[in-house]
Amino acid sequence: MSAVPDAEVAEAAAVGAHPVRDRLLSGGVEERSRTGCAPTAVDASGIAIVLLGTGVVGGALLKLLCTPAAARIRLVGAANSKRQQTDPAKLASRQLREQIRAEGDPRDNAALLAALDASGVAVKVIVDATANVSLAARHAEWLERGYHVVTANKALAGGELTGWRALQAATASGRAHYGDAATVGAGLPVLSTLRRLRGCGDALLTLEGVFSGSLSYLFNQYDGSVPFSTLLADARRLGYTEPDPRSDLSGEDVARKLLILARHAGFSLNADEVEVESLVPEALRGLSTEAFLERLPELDAPLAARVAEARERGHVLRYLARLNQRGHARVGLVEVPPTHPAARLYGTDNQFALTTTRYNTQPLVIQGPGAGPEVTAQALLGDVLALVGA
Ligand SMILES: NC(=O)C1=CN([C@@H]2O[C@H](COP(=O)(O)OP(=O)(O)OC[C@H]3O[C@@H](n4cnc5c(N)ncnc54)[C@H](OP(=O)(O)O)[C@@H]3O)[C@@H](O)[C@H]2O)C=CC1
Ligand SMILES: N[C@@H](CC=O)C(=O)O
């Protein structure tokens, strides 16, 4: 199924490298085309963007920027965690990630914003394809300054309630838009549906489902026959996990999505009000990402025991998120019967079951792939294009 040989995966897991991440931008199997890529001559009615993060999702977005759908978009800056590029000729490079790594300027957000200002284009967008908390903390300020923000980074909207409130205040002025489709369901139409329902006067009563693409991928397959750690390495290689997979296994990423949805529905929940079950053993919590990746097999025994217990009862394990009518929020591993809707998912499927005042006999269910570079990058592109009504 994978395009990456197993030996390469094993080596990558050992050193903390990432074949999909590397290939997406290396100009190797998924080379950027020069033709139509990062156009330098977009007229003033076009869109200028700065891309923060050139990893799995950012890399896939760079590929989409080379397609006709992105003809109105001009890339005026791109950055990784250490370096950045704003030179138009270099931004059009086939090897943009290597270019930035080898010859990029030191990181400086002000220079990226200056590139947007100098573009002469009215619609200026900052695309955040990182998981960086400090960058997310700047979203509200950027919006207030009139830059649109399109994000896959959930750290602000799904973080502390104060951050969420700052975001609401920044968008309330209407100066700039916040494109957040990629933050929940990797672009499945969940947030847009919830906003539409609320706009019609409907109210969310309960919410339940599988909100993690990587955990869905893991538990849809895990029956104890293949070690959990092997499946996790696969999920990471395929670009489904967070930069540090403990963000998925700890429940933190699912909790963020639940908070984003709950807050959009009018529940003012703080981050510490979500009950979270972590699947990361205590001994693996304080390690560096690289050290954690070397010790993945330590995940196997506890989960093998859990799946065996569930099987004795004729059940399967699913990592579920739940919000009840009283605003109680919980994310964690649940034993469900094979007839449960969450037991019938495939691949990275997410499932969001919304019970509302008007959808109250059967929930409104949104289901489909909930992780992966292409779908997530498409969600970002869609939010960018929506700014010009495309
Ligand atoms: N993968 C998926 O399926 C989905 C991911 N997302 C979200 O997308 C985001 C990115 O995920 P993913 O692409 O998988 O992660 P990666 O680790 O592959 O990429 C993250 C990128 O962010 C860069 N970065 C980190 N800090 C900064 C910074 N301060 N300034 C600029 N760049 C920075 C990294 O730089 P460097 O290369 O130097 O490390 C890297 O290029 C996350 O928030 C994730 O939750 C959302 C939906 C689905
Ligand atoms: N790591 C996340 C990616 C999308 O947000 C997940 O597994 O769902």
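The legends below describe close-up views of a predicted model. Residues are numbered from 1 along each chain as its sequence is written, while chains are lettered from A and ligands numbered from 1 in the order in which they are written. Because the model is predicted, local features need pLDDT of at least 70 and side-chain atom pairs count only at pLDDT 80 or more, whereas totals for chains, interfaces and linings use all residues.

**View 1. The two domains and the contact between them.** The domain assignment, with bounds from an automatic or database source, divides the protein chain into domain 1 (6-187 + 374-386) and domain 2 (195-369). Their C-alpha centres lie 26 Å apart, and 22 residues of domain 1 are in contact with 22 residues of domain 2, contact meaning that the C-beta atoms of two residues, placed from the backbone, lie within 7 Å. On the side of domain 1 that touches domain 2, helix 1 (6-15), helix 2 (19-26) and helix 9 (161-172) each supply at least two residues; helices (H or I, at least four residues) and strands (E, at least two) are DSSP runs, numbered from the N terminus. That side of domain 1 has 13 nonpolar, 6 polar and 3 charged residues, where Ala, Val, Leu, Ile, Met, Phe, Trp, Tyr, Cys and Pro count as nonpolar, Asp, Glu, Lys and Arg as charged, and the others, Gly among them, as polar.

**View 2. The shell around ligand 1.** Ligand 1 lies between the domains, because domain 1 and domain 2 both give residues to its shell. Of the 31 residues around ligand 1, Gly53, Gly55, Asn80, Ala152 and Pro243 come nearest, a residue being near a molecule or strand if its C-beta atom, placed from the backbone, lies within 6 Å of it. Helix 3 (residues 56-64) provides the largest share of this shell, 3 residues, and by class the shell around ligand 1 divides into 13 nonpolar, 13 polar and 5 charged residues.

**View 3. Ligand 2 and Glu242.** The residues that surround ligand 2 include Ser212, Gly213, Tyr240, Glu242, Asp248 and Asp253, and its shell as a whole divides into 3 nonpolar, 5 polar and 3 charged residues. Glu242 lies in the loop between helix 12 (228-237) and helix 13 (246-249), and a "binding site" annotation in an unreviewed UniProt entry covers Glu242; UniProt positions are given in the numbering used here, feature names are shortened, and annotations may be inferred rather than shown by experiment. With 19 other C-beta atoms within 10 Å, Glu242 is partly exposed, on a scale that calls a residue buried if 20 or more other C-beta atoms lie within 10 Å of its own, exposed if 12 or fewer, and partly exposed in between, with C-beta atoms placed from the backbone. Leaving aside neighbours within four places in sequence, Glu242 is in contact with Ala131, Ser247, Asp248 and Asp253.

**View 4. The surroundings of helix 11.** Helix 11 (residues 213-221) is mostly covered, 8 of its 9 residues being buried, among them Leu215, Tyr217 and Phe219. The buried residues of helix 11 pack against helix 12 and helix 13, and also against strand 8 (204-210), strand 10 (316-323), strand 12 (349-356) and strand 13 (364-369).

**View 5. The loop at Ser268.** Ser268, in the loop between helix 14 (252-264) and strand 9 (274-276), is exposed, with 11 other C-beta atoms within 10 Å. Leaving aside neighbours within four places in sequence, Ser268 is in contact with Leu161 and Arg263.
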